[in-house]
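Hi,

Here is the structure I promised to pass on. Please have a look at it first, and then read my notes below.

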Amino acid sequence: MRERFDYLVIGSGVAGLSFALRAAQHGTVAVITKKTSAESNTNYAQGGIAAVMDPDDRVEDHVRDTLVAGAGLCDPDVVRMVVTEGPARIRELMDWGARFDRGEDGGLHLGREGGHSADRIVHHEDMTGREVERALLTAVREHANITLYEHHFAVNLLTQHQLGQRVDADDLRCFGAYVLDEATGRIETFLARVTLLAAGGAGQVYLHTTNPTVATGDGIAMAYRARARVANMEFMQFHPTSLYLPDADFGGRAFLITEAVRGDGGILRNLGGERFMPDYDDRHELAPRDIVARAIDDQMKKRGEPHVWLDISHKPADAILAHFPNIHETLLTHGIDMTRDPIPVVPAAHYTCGGVLVDMEGRTSIAGLFACGEVTCSGLHGANRLASNSLLEALVYSWRALDPAVAYAQSHEYEDAIPDWDETGAENATEWVLVRHNRQELRTVMQNYVGIVRSTPRLERAARRIELIHRETEEFYQRTTLNSELCELRNLAAIAHLIVGCAMRRTESRGLHFMADYPDPDPSQAYDTVYAPADVA
Ligand SMILES: Cc1cc2nc3c(=O)[nH]c(=O)nc-3n(C[C@H](O)[C@H](O)[C@H](O)COP(=O)(O)OP(=O)(O)OC[C@H]3O[C@@H](n4cnc5c(N)ncnc54)[C@H](O)[C@@H]3O)c2cc1C
């Protein structure tokens with residue numbers, strides 16, 4: 001089957017849906033998403049969206065906080081642009097129907113999070129992402145120009161490669177994507193004038209992650225295979241505080257205890273009951289995430305303990321209930337009352353700072369392919385993302401990308417010469433369990449050797465194992481009828497390869513990338529780690 005749309009949007013999180021709503025004013029839009037439409041990192045965002053909404057707050061301060069967290073790798077022009085345009089994008093989100101908490105004076109209630117010097121987190125209780133997703137999906141479903149395809153898995157981007165042409169990386173163009181329809185098992189050709197990659201991050205490449213199972217880095221892997229520029233994959237943010245309950249199942253992800261619990265006065269203690277953050281940083285529990293995650297990792301390793309405690313029980317119970325109703329209720333089902341008990345927590349992979357390199361208007365290095373949201377490396381986060389800056393980035397970039405995307409769509413035709421997917425030679429394999437085993441093994445390797453603290457021998461060990469898994473997966477892929485499990489494994493192997501490759505190139509410690517054998521920053525390495533297309537030709 002062949003479909004034709006002016007705009008093909010891959011992903012139904014905040015980035016994809018907000019772009020779709022804008023693009024639908026200019027033409028037909030297909031939004032494809034690999035599971036049900038709400039399943040995304042967006043849906044699980046708790047804390048909120050950072051923006052200068054208080055008259056006493058200043059753009060300068062938000063810019064400075066972002067630059068400090070980014071450890072010398074943020075693009076200052078990008079940071080200023082995103083911070084300046086953020087408030088207007090939040091108002092637009094409210095126009096689309098998103099409801100945010102209000103204070104007693106009727107104005108927006110603004111929370112505080114680690115690394116921010118002011119109260120600037122717009123939120124909906126502790127379920128901001130769910131509210132954003134609800135509002136955007138409602139608006140998308142009502143729009144006549146948008147067709148939403150659930151259970152449709154983007155497999156590969158279409159470029160001149162599918163036409164059998166070899167072109168220089170600088171001359172690449174994107175014509176849409178091959179998409180697996182989960183219901184029929186068939187691979188369909190989606191042709192588009194403009195393709196917008198909004199497929200989110202890659203937290204699932206680690207064993208412990210706050211990301212839902214959809215976050216397998218498919219967008220980054222697809223773009224990499226298509227020879228787009230990809231950068232800064234070594235910077236994976238570990239959230240310091242995910243719930244530690246080894247026997248609890250939260251659908252393949254760790255349950256997050258939001259930053260805002262520390263913002264509201266939560267204290268971290270080791271299992272001996274000692275508060276340890278003052279030994280690591282002057283900002284104590286409100287230090288940026290990388291510092292808090294490393295401190296927890298250090299305590300757990302030094303003391304041989306499986307977790308630490310996060311305790312907010314000294315605060316009034318009604319304030320805890322008002323601000324964290326969802327977390328409180330979830331913990332209660334596991335026998336923990338956070339108004340009285342400390343919460344067992346460990347760090348977990350949380351946010352992919354690197355990704356597909358984009359310019360200030362969301363253009364990738366492939367013409368006709370735009371990207372926004374967590375799938376990208378835009379220059380906003382640098383070596384470490386400041387809390388609640390990611391929903392903001394997605395909103396701003398989906399707006400910035402619109403004008404150039406519309407101009408591109410209006411001046412380019414569909415590429416009808418793209419052939420349909422060729423299934424000849426593919427067979428139904430009987431060894432699917434191997435795919436599951438390889439996925440588990442890959443995630444374990446990443447957790448053990450490429451986690452919060454890295455070193456050259458650990459990275460080399462990981463690289464050897466990833467190479468083997470990559471080879472086995474490619475062999476399987478070449479001879480088997482495709483399904484999404486195999487596609488995800490293939491993408492995860494590519495992501496692991498990119499993370500280790502970028503990490504090995506950076507022989508220093510900076511932001512989220514900590515090398516035990518190079519523990520200090522090296523000013524001469526204050527640049528992005530870019531995988532140029534020549535690397536993958
Ligand atoms: C637990 C948690 C809490 C967070 N809290 C906050 C917060 O408080 N503030 C903040 O700013 N950020 C927060 N973040 C980060 C933030 O939620 C994400 O960075 C942001 O939502 C990313 O939006 P996105 O649209 O780029 O990607 P996502 O929301 O992840 O959407 C990606 C979409 O792409 C689809 N997809 C992926 N691969 C394919 C494929 N091959 N084919 C078709 N579809 C595909 C997915 O199914 C999904 O619909 C949090 C993240 C998590 C996990």
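Helix α13 runs over residues 432–449, and at 1.5 Å a residue its 18 residues should span 26 Å; the end C-alpha atoms are 26 Å apart, so the two agree. Do keep in mind that this is a predicted model.

Which residues of α13 are buried? They are V435, N438, R439, L442, R443, V445, M446, Q447 and Y449. These buried residues pack against β18 (453–454), α14 (456–479) and α15 (484–505).

The axes of α13 and α15 come within 10 Å and cross at roughly 25 degrees. Because angles under 35 degrees count as roughly parallel, α13 is roughly parallel to α15. The crossing of α13 past α15 is left-handed. On the α13 side, the contact is made by W432, V435, R436, N438, R439, L442 and M446. On the α15 side, E485, L486, E488, L489, L492, A493, A496, I499 and V500 take part.

**The four-stranded sheet**

I also looked at an open sheet of four strands, ordered β17-β15-β10-β20, with mixed pairing. Its edge strands, β17 (376–377) and β20 (530–531), each pair on one side only. Strand β10 (residues 230–231) pairs with β20 in the antiparallel sense, over two bridges. In β20, V530 is the bridge partner of A231. Helix α6 (residues 218–225) packs on this sheet and touches β10, β15 (355–357) and β20. The direction of α6 makes about 45 degrees with that of β15.

How values were computed:
Residues are numbered from 1 along each chain as its sequence is written. This is a predicted model: local features need pLDDT of at least 70, side-chain atom pairs count only at pLDDT 80 or more; totals for chains, interfaces and linings use all residues. Side-chain values use heavy atoms; hydrogens and water are left out. The expected span of a helix is 1.5 Å times one less than its number of residues. Buried means under 20% relative accessible area, exposed over 50%, partly exposed in between (1.4 Å probe, protein chains only). Contact means heavy atoms within 4.5 Å. Two strands pair if DSSP finds at least two bridges between them. Axes are lines fitted to C-alpha atoms, for helices over the stretch in contact, and angles run from 0 to 180 degrees between N-to-C directions. Angles under 35 degrees count as roughly parallel, over 145 as roughly antiparallel, 65 to 115 as roughly perpendicular and the rest as oblique. A crossing is left-handed if the near helix is turned anticlockwise from the far one by less than a right angle, and right-handed if clockwise.
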